[in-house]
Amino acid sequence: MITKAFASDWEGGWRYTVNCYRGCVHGCTYCFARRYHEFLGYGAGTDFETKIVVKPNAPQVLREELKKTRQKMPHIDFSFATDPYLPLEASYELTRKCLIVCADFGVPVGVITKSPLVTRDIDLLSRINRISDLSIHISLITLDRELARRIEPRAPTPESRVRALARLREAGIAAGINCMPVLPGITDNPSDLEALVKRVSEAGATYVGACAVRLKPAAKKRYLPFIEQEFPHLAERYRNTFANSAYAGEKYREGLAHFFGKICAKYGVRDWSRRDQEDEGDESPTPALVPDVQLSLNI
Ligand code: SF4
């Protein structure tokens with residue numbers, strides 16, 4: 001139930017993930033978590049979106065695990081294998097019950113979600129915020145409702161996510177936007193991305209993070225046929241770019257980080273996407289982008 005996310009040293013304060021569910025009805029075509037469903041013996045395609053595993057004992061197991069912790073409490077992230085606020089959560093309340101456990105133990109918490117259901121737990125999140133570290137990451141790759149519906153067929157609408165962000169911020173909770181993944185040729189139009197950063201900065205986002213799509217084999221199996229069907233003019237470029245790599249081209253990724261650095265500075269929001277990037281110097285002229293996948297990102 002508790003996954004060691006980055007290392008195995010619980011006492012040393014590494015980060016762990018808790019996923020009360022597995023599989024995700026939101027069905028994002030690019031989802032990297034699809035491959036985790038294969039670990040359970042299910043498929044990464046339709047199975048991932050329809051065969052949802054529920055772990056009713058998750059809060060109890062988490063409490064027992066935390067009781068054994070003798071030194072520094074681990075940082076726990078809710079996400080990575082699913083969205084912790086699936087529609088099922090409205091009735092099961094497993095994420096909520098796990099948050100109660102985290103609050104009881106003063107555990108630092110991170111939450112990644114696309115769902116406004118997270119605002120149901122503002123009372124608990126505020127409690128954690130007072131006694132420990134808390135960060136909420138709302139995933140949002142476009143403001144275009146129709147486009148979002150094609151890419152993330154059953155996820156909550158973009159506008160509902162922005163409203164959730166605003167409510168969290170009004171409650172004094174650190175919450176920002178993961179504009180991840182940016183989809184080359186589809187969601188990377190510069191003016192659209194700028195409008196997104198502007199909109200979420202107005203809603204109080206504490207940061208915006210962005211990175212280009214990454215396609216491991218299970219995600220590729222779902223995403224490339226989707227591109228063939230929905231965006232056939234991009235199919236060849238995607239096939240070529242991702243034939244031997246999970247990543248978009250380096251120049252594309254660098255250009256994206258640079259672009260987000262500029263627009264985040266313009267709207268006064270912290271740019272998280274540049275955190276692991278080399279400083280290219282904001283004063284230097286912006287180089288022409290020569291992406292490996294042809295883009296509408298044209299800075
Ligand atoms: S909401 Fe997250 S976990 Fe669910 S399908 Fe989309 S990217 Fe995957």
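This is a predicted model: local features need pLDDT of at least 70, side-chain atom pairs count only at pLDDT 80 or more; totals for chains, interfaces and linings use all residues.
Is Tyr85 buried or exposed? Read on to the first legend for the answer.

View 1. Tyr85 is buried, because 27 other C-beta atoms sit within 10 Å, and 20 or more is what it takes to count as buried. You'll find Tyr85 in the loop between strand 5 and helix 4 (89–92). Leaving aside residues up to four places away in sequence, Tyr85 touches Thr95, Thr113, Ser115, Leu117 and Val118. Take Thr113 from that list: Tyr85 and Thr113 are 28 residues apart in sequence, yet 6.5 Å apart in space, C-alpha to C-alpha.

**View 2. Strand 5 and its pairing with strands 2 and 6.** Strand 2 (residues 15–18) and strand 5 (residues 75–78) run parallel and are joined by four bridges. Strand 5 also runs parallel to strand 6 (residues 109–113), this time with three bridges.

**View 3. The shell around the ligand.** Cys24, His26, Gly27, Cys28, Cys31, Ala33, Thr82, Asp83, Lys114, Glu152 and Ala155 surround the ligand. Sorted by type, the shell gives five nonpolar, three polar and three charged residues.

**View 4. Stepping back to the whole protein chain.** The protein chain has twelve helices and ten strands. Of its 299 residues, 43% count as buried. Among contacts in the protein chain with a separation of 6 or more, 79% come from residues 24 or more positions apart.

Notes. Residues are numbered from 1 along each chain as its sequence is written. A residue is near a molecule or strand if its C-beta atom, placed from the backbone, lies within 6 Å of it. Ala, Val, Leu, Ile, Met, Phe, Trp, Tyr, Cys and Pro count as nonpolar, Asp, Glu, Lys and Arg as charged, and the others, Gly among them, as polar. Helices (H or I, at least four residues) and strands (E, at least two) are DSSP runs, numbered from the N terminus. A residue is buried if 20 or more other C-beta atoms lie within 10 Å of its own, exposed if 12 or fewer, and partly exposed in between; C-beta atoms are placed from the backbone. Two residues are in contact if their C-beta atoms, placed from the backbone, lie within 7 Å. Two strands pair if DSSP finds at least two bridges between them.
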